[in-house]
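Have a look at the structure before reading on.

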There are 2 protein chains.
Amino acid sequence: MAKYGFGVDLGGTTVKMSLFGTDGELIEKWFIDTDTSNGGRNIPGDIARSILADMKKYSFPASDYIGIGIGVPGQVHADGSASAVNLGWDHTPLLSELTALTGLPAKGGNDANMAALGEYWMGGGKGYGSLVLVTLGTGVGGGIIVDGRCLDGAHGAGGEIGHIPVEPSETRRCSCGSTGCLEQYASATGNARIAAELLASTDRPSTLRSAPKLDARACWDAVAAGDGLAMEIADIFCDYLARGLAAVANIVDPEIILLGGGVSRAGDALLDRVRRSFVKYAFPACRSTPIGLATLSNDAGIYGAFRSLLV
Amino acid sequence: MAKYGFGVDLGGTTVKMSLFGTDGELIEKWFIDTDTSNGGRNIPGDIARSILADMKKYSFPASDYIGIGIGVPGQVHADGSASAVNLGWDHTPLLSELTALTGLPAKGGNDANMAALGEYWMGGGKGYGSLVLVTLGTGVGGGIIVDGRCLDGAHGAGGEIGHIPVEPSETRRCSCGSTGCLEQYASATGNARIAAELLASTDRPSTLRSAPKLDARACWDAVAAGDGLAMEIADIFCDYLARGLAAVANIVDPEIILLGGGVSRAGDALLDRVRRSFVKYAFPACRSTPIGLATLSNDAGIYGAFRSLLV
């Protein structure tokens with residue numbers, strides 16, 4: 001019976017690699033560079049080589065390995081090919097390549113969905129039957145787990161929480177081409193924009209006016225220091241985020257909602273505000289849905305990628 | 001092997017009853033009154049008696065029946081009890097009652113989710129692996145099917161599409177207590193309100209000004225007759241609806257979206273406008289999701305209720 005497996009989280013600059021025991025133990029993790037030259041064509045071979053080197057190191061028989069699970073920043077299609085704009089991939093053969101080069105079965109999926117599966121398995125969602133993970137970084141990502149399975153969707157767009165329309169009056173375009181997407185407000189980028197707009201709209205004093213860089217971190221640091229305008233910025237940010245979370249809750253109704261990504265480091269200052277707004281917008285039956293923090297940080301993706309092999 | 005089963009759709013004024021063959025044939029359907037007196041306590045007994053009478057009529061052996069599937073206008077809890085404000089039910093024993101009185105196994109769920117399952121099985125969603133059904137009536141209801149199963153949610157709030165927040169600037173309260181819910185715009189009630197507001201805001205002529213009753217039907221009749229203001233009302237209605245559908249598509253990413261309920265009788269005039277707005281708000285990967293009409297009309301609930309027995 002297989003005892004080990006590989007979890008791979010493919011990013012735009014590095015590939016996070018890991019060896020897991022099927023009992024859930026993270027035995028080893030390491031990184032390799034992501035080679036985006038040549039339309040990203042070298043990536044599957046680089047990953048396979050790194051896996052083969054690791055297998056050689058331990059010299060367990062190949063039958064000890066359950067396979068390779070991989071999360072990609074895009075879509076993995078039914079035929080095992082993958083598309084990811086940032087890598088230059090468009091229906092690029094991935095799973096078949098990995099299997100051909102290593103002899104191991106391979107499974108793949110969207111990286112945000114894999115992270116959600118990781119949090120469900122060993123992170124903030126452990127013990128819950130369903131969850132929604134929302135990652136607040138440069139953009140807003142998301143993954144949804146119901147009955148232990150990712151809601152990938154018919155076109156790989158399941159869990160694209162960042163692109164829920166939340167503001168009809170918005171005129172600026174989101175990166176997706178639409179207007180008024182959640183990501184335009186509830187991302188680190190959106191946070192900085194809300195801050196710049198509020199500061200420009202008033203003469204009131206704020207420590208943010210002398211911040212070297214008006215980014216999400218500066219805003220939440222100022223919130224922690226008790227800055228009044230920073231708290232207003234945080235309220236606006238969290239109100240939009242809560243609208244998006246309420247939309248997800250009213251549609252999927254998970255047992256728990258988890259927040260991850262850089263902005264989630266704000267912790268209770270973020271959670272308290274989001275919870276306060278969430279009860280205003282969620283359907284009565286699901287207003288008590290707990291909202292907590294993701295706990296696996298950057299490891300969520302490898303946990304989930306490996307876990308996908310056990311489904 | 002069981003050959004027959006009962007599908008029951010419990011409404012606030014009538015109970016729709018049906019006998020199905022396990023091959024999917026609707027053999028017989030009939031109605032009984034919903035007795036909401038006495039906290040709705042007589043309802044399970046009334047349904048059971050009607051089923052027993054039907055079983056007696058055919059005199060098949062009891063082992064020929066797979067059971068009773070029932071949709072309720074509220075939630076069916078894990079213990080088989082049900083809550084439904086309109087019936088006066090709060091954790092009222094339902095499934096155990098039905099089984100005790102008829103000797104048949106019973107399964108239950110929310111009526112909108114059952115309707116979605118019906119459309120998936122034998123209606124507009126036949127042949128698709130996943131769907132979202134949105135019913136446009138007095139309110140906006142919804143049901144979501146993924147891999148043949150209802151997304152009921154952790155608190156029975158799965159598919160509460162009518163309460164997705166879509167308009168931050170709204171000040172009036174929705175029946176759920178929140179503000180800016182989809183239902184406040186994309187229901188028959190919302191349609192009439194949009195019409196009244198647009199007519200009051202301008203002096204421009206419209207046949208709607210002399211309509212005996214300014215309701216959704218009058219609006220869509222005026223659209224069909226080429227009335228300019230009515231078309232603007234329809235555009236506003238459909239734009240809000242499309243925002244809600246885009247939210248669902250970006251979260252669940254179904255293979256098809258179906259519209260049902262009274263307002264869906266507007267047909268192509270509705271569909272064309274909704275599709276035009278949907279592509280503006282949906283995530284690129286799922287912009288091509290087909291949007292069609294539900295086809296089972298008021299029978300969707302009994303189809304789904306019976307079908308739930310086969311899962």
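Which residues does B:Gly88 touch, leaving out those up to four places away in sequence? Point 1 takes that up; keep in mind throughout that this is a predicted model.

1. B:Gly88 touches B:Thr36, B:Gly39 and B:Gly40, once residues up to four places away in sequence are left out. You'll find B:Gly88 in the loop that runs between strand E6 (81-84) and strand E7 (89-93) of chain B. B:Gly88 counts as partly exposed because it has 15 C-beta neighbours inside 10 Å, and the buried class needs 20 or more. For a sense of scale, B:Gly88 and B:Asp203 sit 115 residues apart in sequence and 46 Å apart in space, C-alpha to C-alpha.

2. Next, helix H2 (residues 43-58) of chain B. At 1.5 Å a residue, its 16 residues should span 22 Å, and the end C-alpha atoms are 23 Å apart, which agrees. The buried residues of H2(B) are B:Ile43, B:Pro44, B:Ile47, B:Ala48, B:Ile51 and B:Met55. Looking down the axis of H2(B), these buried residues fall within an arc of 130°, so they line one face of the helix. B:Ala53, B:Lys56 and B:Lys57, on the other side of H2(B), are exposed.

3. What sits over that buried face? The cover on the buried residues of H2(B) includes strand E1 (4-10), strand E2 (14-21), helix H1 (37-40), strand E4 (65-72) and helix H3 (95-102) of chain B. One backbone detail to check: just after H2(B), B:Ser59 takes a positive phi of about 45°.

4. Helix H10 (residues 300-307) of chain B is another story. Eight of its eight residues are buried, so H10(B) is largely enclosed by the rest of the structure. Among those buried residues are B:Tyr303, B:Phe306 and B:Arg307. The elements covering the buried residues of H10(B) include E1, E2, strand E3 (26-33), E4, helix H4 (111-122) and strand E12 (256-260) of chain B.

5. Over in chain A, helix H1 (residues 43-58) and helix H2 (residues 95-102) pack at an angle of about 35°, with their axes 9 Å apart. H1(A) passes H2(A) in a right-handed crossing. On the H1(A) side the contact is made by A:Pro44, A:Gly45, A:Ile47, A:Ala48, A:Ile51 and A:Leu52, while H2(A) brings A:Glu97, A:Leu98, A:Leu101 and A:Thr102. By class, this contact has seven nonpolar, two polar and one charged residues.

6. Now the contact between the chains. Chain B puts in 39 residues and chain A puts in 39 residues. On the side of chain B that touches chain A, helix H8 (228-252) and helix H9 (268-281) of chain B each supply at least two residues. H8(B) gives the largest share of that side, eight residues. By class, that side of chain B has 21 nonpolar, twelve polar and six charged residues.

7. Last, have a look at A:Ile164, in the loop between strand E11 (149-150) and helix H4 (183-186) of chain A. A:Ile164 is buried, with 34 other C-beta atoms within 10 Å. Not counting residues up to four places away in sequence, A:Ile164 touches A:Cys181, A:Leu182, A:Gly244 and A:Ala247, along with B:Ala247, B:Asn250 and B:Ile251 of chain B.

Note on methods:
Residues numbered from 1 in each chain as written. Chains lettered and ligands numbered in written order. Predicted model: local features only at pLDDT ≥ 70, side-chain atom pairs only at ≥ 80, totals over all residues. Helix = DSSP H or I, 4+ residues; strand = E, 2+ residues; numbered from the N terminus. Expected span 1.5 Å × (residues − 1). Buried ≥ 20, exposed ≤ 12 C-beta atoms within 10 Å, placed from the backbone. Arc of directions from axis to C-beta. Contact = placed C-beta atoms within 7 Å. Nonpolar A, V, L, I, M, F, W, Y, C, P; charged D, E, K, R; others polar. Axes fitted to C-alpha atoms, helices over the stretch in contact; angles between N-to-C directions. Left-handed = near helix turned anticlockwise from the far one by under 90°.
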